[in-house]
Amino acid sequence: MLSVRQGARAVEFYKAAFGAVEVYRVEAPDGAVVSRLAVDGAEFWVADESPEHHNFSPESLGGGSVRMVLTVPDPDAMFAKGSRRHWRRVPERSPPCRWHLGRVVDPFGHHWEIGRPNP
């Protein structure tokens, strides 16, 4: 589950950038969101941060502690689509072994490695 600020905005970002489908959603009266999303059958959750429950976004922590890995048939198409959605590409320090792979940071501070195994 990814904790973010502005959960509703994050859901819309992941739908636009990744082609995610919203499978489930709960919205609190104050606008806070918990949503289950799917990208080609791979599911992940997004929720507004909740400091009272010790759930903090990377923005609150000054960075994240995990990377999401998204395996897709055409990573280049995903990068092209996402770059129009305001994510930032992170240069790799060493070339990936046997993977066509790249890394981005989304507008909410989460790092994503997007790629596929090389044939």
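Colleague: Why is Gly63 called partly exposed?
Modeller: In this predicted model, the relative accessible area of Gly63 is 31%; a residue counts as buried under 20% and as exposed over 50%, so a value of 31% puts Gly63 in the class in between. Gly63 belongs to the loop that connects helix 2 (58-61) with strand 5.

Colleague: How far is the C-alpha atom of Gly63 from that of Pro75?
Modeller: The two C-alpha atoms are 24 Å apart, and twelve residues separate Gly63 and Pro75 along the chain.

Colleague: What makes Glu113 a buried residue?
Modeller: The relative accessible area of Glu113 is 11%, and the class of buried residues takes in values under 20%, so Glu113 is counted as buried. Glu113 is part of strand 8. For the protein chain as a whole, 36% of the 119 residues are buried.

Colleague: Why is the pair formed by the side chains of Glu113 and Arg67 called a polar contact?
Modeller: The side chains of these residues are joined at 2.5 Å, and the cut-off for a pair of N or O atoms is 3.5 Å, so the distance meets the cut-off. Once neighbours within four places in sequence are left aside, the residues in contact with Glu113 include Arg67, Met68, Val69 and Leu70, and also Leu101, Gly102 and Arg103.

Colleague: How do you know that strand 5 and strand 8 pair?
Modeller: Five bridges join strand 5 to strand 8 (residues 111-117), whereas at least two are needed for a pair, so the two strands count as paired. Strand 5 and strand 8 run parallel, and Val69 stands opposite Glu113 in strand 8.

Colleague: Which sheet do these strands belong to, and which strands lie at its edges?
Modeller: The sheet is an open one of four strands, with the order 5-8-7-6 and mixed pairing. Its edge strands are strand 5 (67-71) and strand 6 (88-90), each of which pairs on one side only. On average, and with direction ignored, neighbouring strands of this sheet are turned by 30 degrees against each other.

Colleague: What makes strand 1 and strand 2 edge strands?
Modeller: They belong to an open sheet of four strands in the order 1-4-3-2, again with mixed pairing. Strand 1 (2-4) and strand 2 (21-27) each have a single partner strand, so one side of each lacks a neighbour in the sheet. From one strand to the next, the twist averages 20 degrees.

Colleague: How many bridges join strand 3 to strand 4, and what lies across this sheet?
Modeller: Six bridges join strand 3 (residues 33-39) to strand 4 (residues 42-48), and these two strands run antiparallel; Ala38 has Glu43 in strand 4 as its bridge partner. Helix 1 (residues 7-18) lies across strand 1, strand 2, strand 3 and strand 4, and runs at about 10 degrees to strand 3.

Colleague: Why does the radius of gyration of the protein chain agree with that of a compact globule?
Modeller: For 119 residues, a compact globule would have a radius of gyration near 14 Å, and the protein chain has 15 Å, so the two agree. Along the principal axes, the C-alpha atoms fill a box of roughly 50 × 30 × 20 Å. The protein chain has three helices and eight strands, which follow one another along the sequence as β-α-β-β-β-α-β-α-β-β-β.

How values were computed: Residues numbered from 1 in each chain as written. Predicted model: local features only at pLDDT ≥ 70, side-chain atom pairs only at ≥ 80, totals over all residues. Heavy atoms only, no water. Axes fitted to C-alpha atoms, helices over the stretch in contact; angles between N-to-C directions. Contact = heavy atoms within 4.5 Å. Rg over C-alpha atoms; globule rule 2.2 N^0.38 Å. Buried < 20%, exposed > 50% of the residue type's maximum accessible area, 1.4 Å probe, protein only. Polar contact = N/O pair within 3.5 Å; in protein donor to acceptor, adjacent residues only side chain to side chain.
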